[in-house]
Structures are given as structure tokens and as C-alpha cells.
Amino acid sequence: MAASSQITSMEVGKTSQDHLKVHKMKKKVLRKQVRAQHTLMRHEGIECVSHATQSLVVANAGLGNGMSRHQLFRIVEEYGLVETLLMPPNKPYSFVKYGTTEEAKKAFDALNGKEVTREDFGQNIVLYINFVEKVFWKNVVPTSLPPGLTVVEKVISPEEERRMLESIDWTEDEDTQNAQKTLKHRRVKHFGYEFCYNSNNVDKDKPLPGGFPGICNLFLEKCLKRGYIKHKPDQLTVNQYEPGQGIPPHIDTHSAFEDEIISLSLGAEIVMDFKHPDGHTVAIMLPRRSLLVMAGESRYLWTHGITPRKYDVIQASELGQKVGTITADVGDLTLNRRETRTSFTFRKVRRSPCNCIYSSVCDSQKGQQRQGQPSFPLSEMEASKLEQEHVHRVYEEIAAHFSSTRHSPWPQIVEFLRSLPKGAIVADIGCGNGKYLGINKDLYMERRLATIRELARLLRPGGTALIYVWAMEQEYKKQKSKYLKEKNDSKGKEEEINTDTARGLLSDQMPDGSSQDSASSDQLLNDSKGKGCDAKPVADSRLPVHTNRTSFHSQDLLVPWHLKSDTKKKGASADILSFPAGSKESQELSPVFHRYYHVFCEGELEAACRSLDCVRVQKSYYDQGNWCVVLEKL
């Protein structure tokens, strides 16, 4: 009897410990669930619910923490019909929608707190599940390739791939001039000319002995015959990348190589990232045995690189084998494990300075300005000449083309006009507003304030003026302006930039007493000085040339206008750019006019207006890359 009592007591003790262990585990799972709920609300604004629904959010099972679509689908499909599986890029959670609420509840009960092993990683993770209402994701707009970029699929056969890979001997004596080079991110070999990584250039007077491997010459002949390239390259760099390795974002040095740069991907596919100076990025799939051709803007202006990681996020439906951009379609993304990849990159060494139109990123043009490029004005005479040559004369020449690109009314200006009383007299002032002299402070205030006074002179007491000026801040409150956004839609329309930047609308409207004053004039002046801009000081006295559809780096600059050939005024002169014969640019050559602009920092226009005693500021605001002020004459 005593023995039986002892056994029962031991069993009870063990059962109590098991219950305590289960209780602690449930508390941990609940705590993790709540944390997952907060993360989802913070990242996506999606609220979890306590009642059962058809949709679940699965924390710890996202592309961002190494869960593939294939593995997650196999896990969740065990509990019912999966209607939708959404996996947002770089997020640690996914969304599953079942055919019925009962199926979703069955999955919830089975998977919440369950430990699973991630394939390929061999690591254990715990899934945490919550119910959510319907999950809405924005429709994905396909991203276009950077201008001038082409990817050709299956450009060589598997046999040719094998022969090209075998033509590179990575075991050669490292003491020879053309030996294997071991870099931080990959192994590399050079043929024709050796690329010097410390200077990002080539020694054009020291060609390497030997030449390209024979199979590479045959490949280049094929490229020439099929029109992939116009000129035979004379420099080859072979890189071998192990899984997880990459290269930093960069632009191939302008002064080192000509326009066309081609790169052949062998051994494995890869995702390459391209980035425009305005921050716009495009991820592009380069399948195995594909050829990347970079020319024009994609070669000269966009950086390209490979992010170091062991997996790429790719389109699941194509399994990484289709050319094109990686679209952030949460219903069609998965992970693709990287393999060893070898790239053959062919270039043609440049024999003369680069004279591309992307001067802001061109090393040949840094420190040396194009002939005739004006300096900052230091006197009234110089200011008058600058205004005559790069404002009045330019717009006289481009008037017809400029007018053809101006047809859509701006909503805020329409609102201002519709607020005027019937019979009000309106003057549309589209000329400069005294923004041309930003160096000499005295001249700056004399001409700019004089312009505002002239606007006020045209008004009777109580009349109003609406002034728009181009803003230095083309990204404001984390929102890009229309000017930057339209970069993606401006193919063939690069000249259509926002040139209505110094525009005034005047009205003889009597005040209705409903407007409100802003902060004091003194405070505004202090604010405009204190905030400042991100404008970079100019190294010399030359006015920098702006790259269209990019952020501003100087308040005073020249903005190019690419005139259509059939609209150029007879006898007009412009900065005609010269390009190598046969290049794409030479075939599509058009005159480029440089227009002078001063772009305004936040508070600058308003502070200038408030310094005058003849007007008061009714309203000031930011509108699509412009600073705007509504004035009333006192």
C-alpha cells in the first residue's frame, strides 16, 4: 500500500511539472503573438483580430527570414485549400487565405507555436499565427528597364558555356603579370588591359601580353554579327563569385571605357540592382547564359551592383529563368539560392575624353566646364548678360517646343483662379522673378525684392498675387515631387521638365476677410536662414549643369532643354554635343539649350515677401516641387 502511494505521488509531481512547462510555453507563444501583432500594425497598418477568419498572418515565415514559397506552401496546404499565399519582399511574415474559416482555424490550432526547420538553412524557427481580416495589397505596376539596357537570353549554348568557363585557368602562377587577382568580394582576371582598382581606370599605354581566349573572340564575332554591339571590345574582365558574394554599386569610369559595356553570366543566374541618382531602383534578373548590354543612360548614369547575400528574391512563376525586372508582386515571390557564377565583362578602352550629356557623374568633365559655360555673375553687367543669354534668348529659341509641352493646368492654381470674384482682372506673369543673382547678397536683394515690388505695383489695394518658384527640396515630407516621379515615364520626354518655376498670377480681387496670417516676418527670416538647404558649394565660379529628373545639388544652376529637331528656330545657336560616329547619340542628336535657374530653399521666398511692407502673406505652401505664396497688397 505504501509503495502504491509513493508511485502515485511521483506521477502527480511529474504531471504538475508537465502542466507548468505547458503553461510557460503557452505564455511564451501568446507573448510572441502579441509582438507579431504590433510588428504587423507598425509595418503594414493591418490589425489582427481575435475571432476566426479565412486569413492568417504567419510570423517568422517570410522571405525576409529565409522561408521559401515552396516550403511555406507545403506547410499550410496540409490544413485545407489555399486560395492565396502572399509573401512581401524582405518581410518576416506572410499571409495565407483558406477556402473556409474552418480550414483557417484548423491551421491556426496546428501551426501556432510549432517549430519547423527551414530548408537549405538547417535552422529551426517557431511559427506564430494570428487571424486577420481581408488583406489588400496594391496592384503592382511592372517596372521598365533603365533606358539603354538590354538583356539577351540564351545567347550561347551549354557547350559554349562549358568551353568559355574552361578557358579560364584560375591556377596560373600568381607572380605573372596577368595572374589571378584575389579581391575582397570575388576572384578576377584581366585580358587586353588590366583594370586598376585603386584608380578605377586602365593604363592605356600598357596592354597585357597575349589576347582574349579563342572562344571569347568567337563569341564577340557572334555579338557583332547579331548587332548586340557595334565595336569589338579590347578589354575583358572575368569575375568568379561564390554564393553570398557581390560587388558594390558603381558606374564604370567614363574616361576609361566607351559607351557599350556587355557582360555574360555563366554558371548561375543572378539579380543585379540598378539605381538612378534620384533614388529609383530596379532589380533585374540575369539568367544563366544571358548577355547584359549597357549603353547610353544605363551605362553612364545608373549605378549597378550585386548585393552580397546567399538568396535572391525572384518571381516564383518563372523560377529565376526569365529576363526582366523583379516586380514586387507579393503573390509571386520566392527565394532562389545563389550558386557559383562567373561573369565575362567586355569593354572598349576609350582613347579620348568622355563628352557625354551626364556631366554631373562624368569624371572627364569634372573640374573642366564646356566651352561657353557661364560663371556666377559678379556685377550688374555680368548679370544682365547671363539673363539675356540663358533666360531670354533660350526661351525665344525653344518657345514653340516649350509651349507644346505645357497643356495640363495645375490644380492649386486652378483653385486660386476659381476663387476670384466674377469680373476680376488677372495678369499671368511667366517671366523671371529676380532669381538670377545668388552670389552677391546686395544684388540678390535688390533684383529679387524689386521683382516682388513690381508684382505688387500692378495690384490695387486688396489685390492678390500667387507666386510659384522651383523648390530645392524635390523630396518633401518623404514624398517625391512629380518632377522626380516622372523620370520613370519620361522616356522620349526628358525635355518636358517643370519650367513654370517663377510664375506669378495677379488679381485685382478685394479681400474677403477669410485669410489667415502666418508666423511673424522675423521668425520666417530666421527659419529660412536656420534651415538651409542641402545645396553643395560649387568648387569654382562655373554654374553647374543639372541632370534632368534628379535632385538639385546647387541653388544656382543650368538646366538643359533638349530641343526637338523640327522645332528649332532658324539660325538659332545651341550647345551642340559631339559623339563618336555611329553611336546612338549621334543618330539622335538634337540641340541642347542651357537655361539658368535659381531654386528656392524652404522659407526663402516667404521670408523675402515678408521683408516688404507693401504686401502681406495670405498663404504659403509646397506644391509638387514648388514653393508657393499668395500675397495681398496693403
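This is a predicted model: local features need pLDDT of at least 70, side-chain atom pairs count only at pLDDT 80 or more; totals for chains, interfaces and linings use all residues.
The phi angle of N90 is near 65°, a positive value, and the residue is not a glycine. Is N90 buried or exposed? With a relative accessibility of 62%, N90 counts as exposed.

R289 belongs to the loop between β17 (281-286) and β18 (290-294). Its surroundings should be read separately. R289 has a relative accessibility of 17% and therefore counts as buried, because the cut-off for buried is under 20%. N90, by contrast, is exposed, at 62%.

The protein chain contains 13 helices and 32 strands. Of its 634 residues, 47% are buried. The chain exposes about 32500 Å², and carbon and sulfur atoms supply 51% of that area. As for contacts between residues at least 6 apart in sequence, 75% of them join residues at least 24 apart.

I turn next to one strand, β10, which covers residues 187-191. Why can we describe β10 as largely enclosed by the rest of the structure? The reason is that four of its five residues are buried. Strand β10 is joined by five bridges to strand β13, residues 235-241, and the two run antiparallel. Within this pairing, H190 has T237 of β13 as its bridge partner.

Finally, the cysteines. How many disulfides does the structure hold? The number is zero. Consider C609 and C614. The cysteine sulfur closest to that of C609 is in C614, at 9.5 Å, which is too far for a bond. A disulfide would require the two sulfur atoms to be within 2.5 Å, so the separation of 9.5 Å rules out a bond between C609 and C614. The surroundings of these residues can also be stated. C609 is buried, with a relative accessible area of 0%, whereas C614 is partly exposed, with a relative accessible area of 25%.

To close, I return to the loops. Thank you for your attention.

Conventions:
Residues are numbered from 1 along each chain as its sequence is written. Side-chain values use heavy atoms; hydrogens and water are left out. Buried means under 20% relative accessible area, exposed over 50%, partly exposed in between (1.4 Å probe, protein chains only). Contact means heavy atoms within 4.5 Å. Accessible areas come from the Shrake-Rupley method with a 1.4 Å probe; for residues, only the protein chains shown count as cover. Two strands pair if DSSP finds at least two bridges between them.
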